[in-house]
Amino acid sequence: MSSNWGNQIKISIFGESHGTAIGVVIDGLPAGEPIDFDLLLAFMDRRRPGQNRFSTPRKETDHPHILSGFYQGRTTGTPLAIVIRNGDTHSTDYAQMASIARPAHADYTGYLRYHGAQDSRGGGHFSGRLTAPLVAAGGIAMQILAHRGVQIGGHIASIGEIDDIPFDPVTLSTDTLLSPGKKDFPVQNDHAGEKMQQLIENCRINQDSVGGVVECAAIGFPAGIGSPMFDGLENRLASLLFGIPAVKGLEFGAGFHSSRCLGSQMNDPFCLENRKIRTKSNHHGGILGGISSGMPILLRVAFKPTPSISRVQDTVNFQTMEPAQLSIQGRHDPCIVPRAVPCVEASAALALLDAWMEKTE
């Protein structure tokens with residue numbers, strides 16, 4: 001099924017945006033792993049809505065209730081089940097969505113796929129609300145990887161045409177990697193962050209939205225993990241990252257820029273450093289042939305603008321087959337990118353832990 005994922009670490013995400021609860025079941029976690037619950041809550045809090053004017057005013061505690069698989073501060077090795085209660089739902093805002101397609105949303109395609117039986121309130125199972133259990137699962141994976149010396153972090157690489165300072169693909173340090181995640185607005189260059197925030201505010205005032213890019217990296221991940229062809233690290237990462245609503249693009253290392261260069265410019269020369277094999281540059285983004293090279297794993301994820309905007313838009317009533325116009329009401333982010341950073345980090349952690357378990361456990 002589409003909401004199940006994983007080879008060694010298996011997750012199953014359930015629930016709807018305006019249902020009683022959402023959650024995740026994680027199977028395959030190693031037994032005896034200590035999980036810092038306060039650290040998990042702090043990580044999930046970075047995604048939580050209603051904290052500033054740049055996010056939806058929907059108020060949710062997003063407190064993860066662990067039902068099983070966790071005892072006396074450690075994983076038991078059996079399935080770990082997490083439930084997150086929904087509280088602040090305004091379902092009447094979505095009454096018309098059962099028959100009128102919101103542009104760039106899954107109302108129409110979901111109607112076709114599930115023959116009208118889908119829960120359309122707040123987007124139902126298609127909603128970005130479902131990233132809360134994804135972040136919960138990924139937060140646990142991040143802690144397990146950290147116990148093995150692997151650190152994962154991200155930042156807002158761009159909002160609209162405004163760019164942050166990119167991560168150094170070769171000499172990325174732990175402090176630089178994790179620093180943006182400790183800020184209210186996760187960027188490296190705070191001046192650029194202020195410009196981004198102003199752009200988001202302008203879009204909110206103008207009843208519009210804006211997209212952007214999240215850059216994420218992992219350091220300390222050992223060489224030799226992954227597989228060629230259809231089950232490489234890029235494949236696994238992509239399968240989770242494209243599960244985040246609004247993701248429309250993904251690149252590793254130099255990504256699309258590499259298509260504009262010569263081989264002599266893009267090849268990463270190998271070298272020895274403290275008796276370890278490394279590369280002098282890292283255009284390959286830490287993955288060669290689907291297998292980790294030992295260099296920082298570096299990726300960028302493109303997010304489209306939030307499709308829910310208050311401006312009047314042309315659409316259709318897909319039940320009466322008549323033209324319609326729609327001004328979307330309710331509570332929505334003028335830009336989802338700031339809250340998407342931990343979603344990208346969580347997805348990366350799950351994919352890398354899944355590959356690690358296959359190789360080493």
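## Sheets, salt bridges and a surface patch

Start with Leu272, which sits in strand E12 (residues 270-273). Helices (H or I, at least four residues) and strands (E, at least two) are DSSP runs, counted off from the N terminus. You're looking at a predicted model, so local features need pLDDT of at least 70 and side-chain atom pairs count only at pLDDT 80 or more, while totals for chains, interfaces and linings use all residues. Residues are numbered from 1 along each chain as its sequence is written, and side-chain values use heavy atoms, with hydrogens and water left out.

**The sheet with E8 and E10**

- Five strands line up as an open sheet, in the order E9-E8-E10-E16-E11, and they pair antiparallel. Here, two strands pair if DSSP finds at least two bridges between them.
- The edges belong to strand E9 (162-163) and strand E11 (247-252); each has a single partner strand, so one side of each has no neighbour in the sheet.
- Inside this sheet, strand E8 (residues 151-159) and strand E10 (residues 212-219) run antiparallel and are joined by eight bridges. For Ser158, the bridge partner in E10 is Val213.
- Helix H6 (residues 233-241) lies across E11 and strand E16 (297-303), at about 160° to E11. Such angles run from 0 to 180 degrees between N-to-C directions, with axes fitted as lines to C-alpha atoms, for helices over the stretch in contact; contact means heavy atoms within 4.5 Å.

**The sheet with E1 to E4 and E7**

- Another open sheet of five strands has the order E1-E2-E3-E7-E4, again with antiparallel pairing. Strand E1 (4-5) and E4 are its edge strands, each pairing on one side only.
- Two bridges connect E1 to strand E2 (residues 10-15), and the two run antiparallel. Trp5 has Ile11 as its bridge partner in E2.
- Helix H1 packs on the sheet and touches E4 and strand E7 (80-85), its direction making about 135° with that of E4.
- Helix H3 packs on the sheet as well, touching E2, E3 and E7, and its direction makes about 30° with that of E3.

**Salt bridges**

- How many salt bridges does a search of the whole structure find? It turns up 16, where a salt bridge is a side-chain nitrogen of Lys or Arg within 4 Å of a carboxyl oxygen of Asp or Glu.
- Arg148 pairs with Glu33, with the closest N and O atoms 3.1 Å apart. This one links distant parts of the chain: Arg148 is in the loop between helix H3 (131-146) and E8, Glu33 is in the loop between strand E3 (21-27) and helix H1 (37-45), and they are 115 residues apart.
- Arg148 is partly exposed, at 23% relative accessible area, whereas Glu33 counts as buried at 10%. Buried is under 20% relative accessible area, exposed is over 50%, and partly exposed is in between (1.4 Å probe, protein chains only).
- Asp62 forms a salt bridge with Arg47, the closest N and O atoms being 2.8 Å apart. Asp62 and Arg47 both lie in the loop between H1 and strand E4 (64-68), so the pair ties together parts that are 15 residues apart in sequence. Asp62 and Arg47 are both buried.
- Asp231 reaches Arg236 with the closest N and O atoms 3.0 Å apart. Asp231 is partly exposed at 28%, while Arg236 is buried at 5%.
- That pair belongs to a salt-bridge network linking Asp231, Arg236, Asp354 and Glu358.

**Nonpolar patch on the surface**

- Back to Leu272: together with Phe270, Ile277 and Leu288, Leu272 makes a nonpolar surface patch of about 480 Å². Leu272 itself counts as exposed, at 68% relative accessibility.
- Patches are made of residues with over 30% relative accessible area and no salt bridge; like charges are joined within 9 Å, and nonpolar side chains (Val, Leu, Ile, Met, Phe, Trp, Tyr) within 5 Å. The accessible areas come from the Shrake-Rupley method with a 1.4 Å probe, and for residues only the protein chains shown count as cover.

- Gln207 has phi near 55°, a positive value in a residue other than glycine. Gln207 sits in the loop between helix H5 (190-205) and E10 and is partly exposed at 43%.
- Met321 also has a positive phi without being glycine, near 60°. Look for Met321 in the loop between strand E17 (313-317) and strand E18 (322-326), where Met321 is exposed at 68%.
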